[in-house]
Amino acid sequence: MRITETADLWYKNAIIYCIDVETYLDSSGDGTGDLHGVTQRIDYLAEIGVNCLWLMPFYPSPRRDNGYDIADMYGVDPRYGDHGDLVELIRVAHDRGIRVIADLVINHTSDQHPWFKAARRSKDSPSRDYYVWRADDPGDTSEQTMFPDEEDGIWTYDERTGEWYLHHFLHTQPDLNTANPQVRDEIAKMMGFWLQLGLDGFRVDAVPFAINQETLLGHDEHEFEEPHDYLRALRGFLQRRASGQGSAVMLGEVNLPHEEQLDFFGGAEGDQLTMQFDFFTNQRLFLAMARHEAAPLAEALSSRPALGVEPQYANFLRNHDELTLDLLSEDERNEVLGAFAPEEQMRFAGRGLRRRLPGMFEGDPRRLKMAYSLLFTLPGTPVLFYGEEIGMGENLEVPGREAVRTPMQWTAGKNAGFSTAKPSALSREVTQGAFGPEHVNAAEARRDQDSLLHHITRLAKRYRESPELGWGACSIIQTGVSEVLAHQLSWEGKTMVLLHNLGPEPTVADFTLEDQQSGTILMDLLSDESCRLDRSSSSRMPLGGYGYRWLRVVGENDHRLL
Ligand code: GLC
């Protein structure tokens, strides 16, 4: 049976919001954010128009990698609360029409997980084969580690049993042997557990690593099938378990060029990941913004493989990690770094930036508003990282990627309203300086109609009212202005034209629509300036510096003038 026949496709025009429970809101006053704190802010999120929360790992963890090193896949970190608090959060979210997904880490565990502790005790341990071991010296693998600043390679020698174990990330994050049927059963059981508690799916961490069975070849006695069969099996399992609650999603982290991403969807009609972050378009978008030139982004959108009804691209500007630029050429990468991270301390591992957007744009509100308008009009589903909606900045004093994971700034008061604890007891420092809470906070943004928060709320509302954006087919429109990205999205007879000026100077975009009819109206969804078209003459649309317009194409006698 096709998945669409049973599934609800709610995610096709959802607005996803990523939360780090650790830094969102501390309801108990101990200095660490907690699940109850998130529950208290569900109405704030509903008001913005968010309808899917993505919770970053909340499981027990030694937190060498912000919780992505999990010590108990069934647990809730007691600093955040307990299972009851999670169920309460899910219940309140569902009551407001908000779905909840959580990180699913299947590539590795923490080295403190009982499986790994047992595995390294003896070669005969029942869970030895849950991980990947080799007896021969792997040689230099420094090119393959994801964390070149912290690790020498992807294999670490274990004294006790005299073998090396595999870890693509930190050596405290041993890779699971996902070719082992017992590991697969454990993963399925664990997914079933969280779905039963009410989750609506998962953000699947580091997918290409998790099914990279090539690395395992030669080191294991298991029969190897086509690695994508495993992803297909996981999706099938998810769909069977979630059929009672509409549908659940697997939103995968697959940082690869578009053609390779298609393999992780399982082709355009997709029976593997439901959604994938579009890292390729994200990186071309930053190159386009650095150059004030639409071409790199227009090319990415034109060459992006079209998807069928079920699969979906998820778009983002920033996330909780570094802004990685690894899919750009070296020259392109240097251009983006030069424009947006002029100082060495703003960079991460030679491949990205540890900054949030406002810092990169030196706080220019016009450029920020244009960038979020672009995010909501890229074909697909937009994903926000907490704090983006109020324009939070990074704290470069905090090491590594934590620079963008500082406490949410709720008010201008003590600890930014995040916690009532002593500042020295906070699990992470609040950002200071130009982007500190006295300048950037949710309470003031709520009162100011011109704030980024209100802008994003308006965009979210229009996005939800415009199914073309989440569902439509995209084509690029020529305007003769190199700074302007003009694209058209069409779905079931409805069309929108989106214009974005990536440059700081005002300009005029000149374009003609395909099958343009006399009397067609371009209705501006963000202002009251509509314009009527002739059959053949081009439209001349003025755009301010970093200006943008969302235009719905409506016929003269069309009563859908909304
Ligand atoms: C993903 C996460 C990142 C984490 C890594 C290892 O890339 O987004 O934060 O460090 O996986 O789990």
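Guide: Buried means under 20% relative accessible area, exposed means over 50%, and partly exposed lies in between, with a 1.4 Å probe and protein chains only. By that rule D524 is buried, because its relative accessibility is 8%.

Some ground rules. This is a predicted model, where local features need pLDDT of at least 70, side-chain atom pairs count only at pLDDT 80 or more, and totals for chains, interfaces and linings use all residues. Residues are numbered from 1 along each chain as its sequence is written, and side-chain values use heavy atoms, with hydrogens and water left out.

In D321, a side-chain N or O atom sits 2.5 Å from a ligand oxygen. For R401, the corresponding distance from a side-chain N or O atom to a ligand oxygen is 2.8 Å. H108 also places a polar side-chain atom 3.0 Å from an oxygen of the ligand. On its own, the ligand has 310 Å² of accessible area, and the protein covers 96% of that (Shrake-Rupley method, 1.4 Å probe).

The ligand takes up the space of the largest pocket. A pocket is an open set of points on a 1 Å grid over the protein atoms alone, with protein on both sides within 12 Å along at least five of seven lines. A molecule sits in one if more than half of its atoms lie within 2 Å of its grid points.

Next, E322. Its place is the loop between strand 10 (312-316) and strand 11 (323-324). Helices (H or I, at least four residues) and strands (E, at least two) are DSSP runs, numbered from the N terminus. E322 counts as buried because its relative accessibility is 7%.

The side chains of D524 and R549 form a polar contact of 2.9 Å. The D524 side chain also reaches the backbone nitrogen of S527, at 3.2 Å.

N415 is not a glycine, yet its phi is positive, about 50°. A416 is not a glycine either, and its phi is positive at about 60°. N415 sits in the loop between strand 14 (381-385) and helix 15 (442-447). A416 lies in the loop between strand 14 and helix 15. N415 is buried, because its relative accessible area is 9%. A416 is buried because its relative accessibility is 0%.

D158 belongs to strand 5 (residues 155-158), and is buried at a relative accessible area of 5%. W133 is 25 residues from D158 along the chain, with 9.6 Å between their C-alpha atoms. I98 falls in the loop between helix 4 (83-95) and strand 3 (99-104). With 1% relative accessibility, I98 is buried. From I98 to E362 is 264 residues in sequence and 33 Å in space, C-alpha to C-alpha.

Terms used:
A polar contact is a pair of N or O atoms within 3.5 Å; within protein, one must be able to donate a hydrogen and the other to accept it, and residues adjacent in sequence count only if both atoms are side-chain atoms. On a 1 Å grid over the protein atoms alone, a cavity is a set of points where a 1.4 Å probe fits but cannot get out, and a pocket is an open set with protein on both sides within 12 Å along at least five of seven lines; lining residues have an atom within 4 Å of a point.
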